[in-house]
Amino acid sequence: MLETEIISKSEVLYPGGDDGDTSPATKVFQDFQINEEKVGGGGIIRSWVDSMRACSPTHLKPFDNQSSWIKEHPSALNMFEEILHESEGKQIVMFLDYDGTLSPIVADPDRAFMSNKMRNTVRKLAMCFPTVIVSGRSREKVYSFVKLTELYYAGSHGMDIKGPEQNSKYKKKTQSLLCQPATEFLPVISEVYTKLVEKTKSIQGAKVENNKFCASVHFRCVDENKWSDLAHLVRSVLKNYPKLMLTQGRKVLEIRPIIKWDKGKALEFLLESLGYQNCADVFPIYMGDDRTDEDAFKILRDKRQGLGILVSKYAKETNASYSLQEPDEASSLTLYI
């Protein structure tokens, strides 16, 4: 087995570090830090709750009312011929988020099952191109949903990457790809998860998920009037762990190690592992619905290589080039590809 450690302890990114990182996830954390320093604990809680509301689909506007946004981020289905032309003669590599992209967003995260139709679509896709599932879930959890051995899996927001279990024409038969840059944080994530479960018992609808290299606090089923209480409880745990940070997704608070690693870094690592680093004839396509996917969208936009596709019914700030409204449209597009 080939085990690749990407990040050393010396590369841990602590709060206040000046490394030029302005990704959406990092910006949220930096904003929280600024509020805490300037106005104290009450300020950081207000900032968290404001951000929780801003990320909530109920506070966003549907596509139909955002014609200018649609013009800037047109439907990938409507622009399929243009995408086909851009990718002509190049090696396509598919990166697919799971929740909200391959499966619908549901109230219970343990029941976010993908349809058999979607599974067959992804299987066919993997027969033609290297295909990666990138998720905030633990790698084991997302694999239990997808159940396809011919894929690459990048769990815990890319902090746990493993190559196909069965032989693939896109990987060397004599080696198995494994990348886990945050291994040293496993004990502390497990400890924080246990504390969060205990602390949030009093908040009806809150659910804490252990995603191995990160922990997720889901508040989709929590009354909005209780979001501030939930934020207080989460902060009461996190304030004792300076090497962890909090980011947000769709009605979920994510507790992650403060390291220079995200879905964008995972994308770059996988392209390099596949032999496509600095390769002009590779065309990565990344589909995702969450703000954590923005790190990957930004990489592709900055490199002017491949494209990002945001899956969302709502107009929001994004580095993606194209849009789709729901998982069914994602399935249709991958079938065309």
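A helix axis is here a line fitted to C-alpha atoms over the stretch in contact, and the angle between two axes runs from 0 to 180 degrees between the N-to-C directions. Please keep in mind throughout that this is a predicted model.

**Exercise 1.** Describe how helix α9 and helix α10 pack, and state which residues make the contact.

*Solution.* Begin with the axes: those of α9 (residues 263–273) and α10 (residues 294–303) come within 6 Å and cross at roughly 55°. Angles under 35 degrees count as roughly parallel, over 145 as roughly antiparallel and 65 to 115 as roughly perpendicular, while the rest are oblique; α9 and α10 are therefore oblique to each other. The next step is the handedness, and here α9 passes α10 in a right-handed crossing. Turning to the residues, α9 contributes Lys263, Gly264, Leu267 and Glu268, which meet Asp295, Ala296, Ile299, Leu300 and Lys303 of α10. Sorted by class, this contact of α9 with α10 holds four nonpolar, one polar and four charged residues.

**Exercise 2.** Work out whether α5 is roughly parallel or roughly antiparallel to α11, and describe the contact.

*Solution.* The axes of α5 (residues 116–128) and α11 (residues 327–336) come within 10 Å, crossing at roughly 30°. Because of this angle, α5 is roughly parallel to α11. The crossing in which α5 passes α11 is left-handed. On the α5 side, Lys117, Met118, Thr121 and Leu125 take part, and they meet Pro327, Ser331, Thr334 and Leu335 in α11. The residues of this contact of α5 with α11 comprise four nonpolar, three polar and one charged.

**Exercise 3.** Give the angle at which α7 and α8 pack, and then the classes of the residues in their contact.

*Solution.* Helix α7 (residues 186–199) packs with helix α8 (residues 227–238) at an angle of about 150°, their axes being 10 Å apart. The crossing of α7 past α8 is right-handed. Val192, Lys195, Leu196 and Lys199 in α7 meet Leu233, Val234, Ser236, Val237 and Leu238 in α8. The contact of α7 with α8 divides into six nonpolar residues, one polar and two charged.

**Exercise 4.** How many cavities of 30 Å³ or more are counted, and what lines the largest cavity?

*Solution.* The count comes to four cavities of 30 Å³ or more, and the largest cavity has a volume of about 340 Å³. Its lining consists of 25 residues, of which Asp99, Ile105, His218, Val252 and Asp290 are the closest to the centre. Strands β8 (215–218) and β10 (252–257) each supply at least two residues of this lining. Finally, the lining of the largest cavity divides into seven nonpolar, seven polar and eleven charged residues.

Definitions and conventions: Residues are numbered from 1 along each chain as its sequence is written. This is a predicted model: local features need pLDDT of at least 70, side-chain atom pairs count only at pLDDT 80 or more; totals for chains, interfaces and linings use all residues. Side-chain values use heavy atoms; hydrogens and water are left out. On a 1 Å grid over the protein atoms alone, a cavity is a set of points where a 1.4 Å probe fits but cannot get out, and a pocket is an open set with protein on both sides within 12 Å along at least five of seven lines; lining residues have an atom within 4 Å of a point. Grid points are joined across faces, edges and corners, and a volume is the space filled by probe spheres set on the points. Helices (H or I, at least four residues) and strands (E, at least two) are DSSP runs, numbered from the N terminus. Ala, Val, Leu, Ile, Met, Phe, Trp, Tyr, Cys and Pro count as nonpolar, Asp, Glu, Lys and Arg as charged, and the others, Gly among them, as polar. A crossing is left-handed if the near helix is turned anticlockwise from the far one by less than a right angle, and right-handed if clockwise. Contact means heavy atoms within 4.5 Å.
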